[in-house]
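The sequence and model come before the details.

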Amino acid sequence: ANLSIERIRVQWPTSTEPAQKPATLVLPLEIELATFSVGRLEVPGLEKFPISALAGAVHLNAERGAKHQIQIQHAQIERIQLSAKADIGSASPFSLHAQAALSSPAQAQPALPAWAAQMQAKGSLERLQADVKLKALKEHTPGRPKLFLPPWGAEPVLPVPGGAEEQALTASLELSPFDAFVLKQVQAQTQNLNLQAILGNLPDTALSGTAQLVADGDKKPMSLKLDLRNTRAGRWDLGALPVRNAQVDVTINVVDKSLQVRAFEASLGSAAASAGFIKGTAQGTLQSWQFNTVLTNLRPAFLDARAPTLQLNGAVNIKGQQPKQALTLNAEAALNGLWLGQHAGIGNQAAQLSLTATWKGEGDGNPNARFELQKAELKSGASRVTASLDAMQQKQGQQSPWRITLNASSNDLDTRLLWAG
């Protein structure tokens, strides 16, 4: 049999409870589709990245009901091509084997290299081991890597067209889908990884470093450590990521779901110029937490050339709550510093910035996202600017325009202080 569907939109209820292991996956009938196609597939959480041109085959209750099989010959996610195959046992322990191959062609503007990735997963629904490998050319070379799915258990081969394979990501994951925390272990390494090569709307980077997550049992704390360097750090207005390096050390208590960020440090700016440093700690639970940061010698103009030529020091504190779906953030900032403008009369002039703001996402009975800047005040010499802002997203079918209300006042304002762009 063959099946063709123009569009599928997946929806499912959210729950804070762990998934329950099924008693059986045996179906009352056998279904085999030699070919199927879906024009557009929308999945919750990935609405901005719909899957298009999906084509494959499926066989449910194959081998007299012993397993289910699915094969994806082709699928498209923006510039990414995907092929995959998987089979799962219909009776406990539900043995699972899955493979996927992804690739993206080289792009001339902006100059992005071709890349290819392969993923393999094996085990059962109760305990699953997955391996991911990605490689790419460091420089732009025309063409698309050829997708290739090796036999079960074979070492992935990544055929990237000529040139040195200087970008890489390798990761090993262990998952327990029916536990409160699905991820049990992650070991990942990156080498000169360019996020923009994977998705074009991400910044241009060259990330090298390690990430490690370890959860030793369901009742022991989970540890997350991250250490990354970005040798292509640059200003945001140039499409780069203005972070030179970052280190994170987090502990999560699996029993009471409390978390503690023991260390968070980042050096900002580019290879040519430092834009300051940020250090912070956090504590609370996964549903309610507080993040306290200290900014040292922050230079906004070195993060984005359109920003004011300030040097700031001070604290930014953020409280977050997410009881169910909607995320609420409350931020307070108190910063002091100097104007470093090149215009006559404004260099080395003292400045003070303070603000309070709230963000609430959609969910928990709130159908529209909303951002409120209750008060922002910038003072420098005789100049003073005070502002408040209320921005609410209005759901209108497939579109989500924003309604924005801004109130502002100023005294003796020198506009050269605010924006260089």
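Arginine 7 and glutamate 42 form a salt bridge, with their closest N and O atoms 3.0 Å apart. A salt bridge here is a side-chain nitrogen of Lys or Arg within 4 Å of a carboxyl oxygen of Asp or Glu. The model is predicted: local features need pLDDT of at least 70, side-chain atom pairs count only at pLDDT 80 or more, and totals for chains, interfaces and linings use all residues. Residues are numbered from 1 along each chain as its sequence is written, and side-chain values use heavy atoms, leaving out hydrogens and water.

## Salt bridges

Arginine 7 sits in strand β1 (residues 2-9) and glutamate 42 in strand β2 (residues 31-42), so their bridge ties together parts that are 35 residues apart in sequence. Strands (E, at least two residues) and helices (H or I, at least four) are DSSP runs, numbered from the N terminus. Glutamate 42 is buried, at 8% relative accessible area. Arginine 7 is partly exposed, at 42%. Buried means under 20% relative accessible area, exposed over 50%, and partly exposed in between, with a 1.4 Å probe and protein chains only.

Glutamate 42 also meets arginine 9 in a salt bridge, at 3.8 Å from N to O. This pair again links distant parts of the chain: glutamate 42 is in β2, arginine 9 is in β1, and 33 residues separate them. Arginine 9 is exposed, with a relative accessible area of 51%.

Elsewhere, arginine 384 and glutamate 377 form a salt bridge at 3.9 Å, N to O. Arginine 384 is partly exposed at 36%, whereas glutamate 377 is buried at 14%. Shared partners join Arg7, Arg9, Arg40 and Glu42 into one network of salt bridges. The structure holds 12 salt bridges; three of them are tabulated here.

| Salt bridge | N to O distance |
|---|---|
| Arginine 7 – glutamate 42 | 3.0 Å |
| Glutamate 42 – arginine 9 | 3.8 Å |
| Arginine 384 – glutamate 377 | 3.9 Å |

## Aromatic pairs

How many aromatic pairs does the structure hold? There are 2. Rings of Phe, Tyr and Trp (its six-membered ring) pair if their centres lie within 6.5 Å; planes under 30 degrees apart count as stacked, over 60 as edge-to-face, and the rest as tilted.

Phenylalanine 264 and phenylalanine 291 pair edge-to-face, 5.7 Å centre to centre, with 70 degrees between the planes. Phenylalanine 264 belongs to strand β14 (residues 258-269) and phenylalanine 291 to strand β16 (residues 288-298), so the pair ties together parts that are 27 residues apart in sequence.

Tryptophan 359 and tryptophan 402 form a tilted pair: 6.3 Å centre to centre, 35 degrees between the planes. Tryptophan 359 is in strand β19 (residues 349-360) and tryptophan 402 in strand β22 (residues 402-411), so this pair ties together parts that are 43 residues apart in sequence. Tryptophan 359 is partly exposed, at 30% relative accessible area. Tryptophan 402 is partly exposed too, at 39%.

Accessible areas come from the Shrake-Rupley method with a 1.4 Å probe; for residues, only the protein chains shown count as cover.

## Strand pairing

β19 pairs with strand β20 (residues 370-380) in the antiparallel sense, over 9 bridges. Two strands pair if DSSP finds at least two bridges between them. Threonine 356 stands opposite lysine 375 in β20.

β20 in turn pairs with strand β21 (residues 383-393), antiparallel over 9 bridges. Phenylalanine 371 stands opposite alanine 391 in β21. β20 and β21 form a hairpin with 2 residues between them. Glycine 381 lies in that turn and has a positive phi of about 60 degrees.

## The chain as a whole

The chain has 3 helices and 22 strands. Of its 421 residues, 36% count as buried. The accessible surface comes to about 23100 Å², and 56% of that belongs to carbon and sulfur atoms. Among contacts with a separation of 6 or more, 50% come from residues 24 or more positions apart. Contact means heavy atoms within 4.5 Å.
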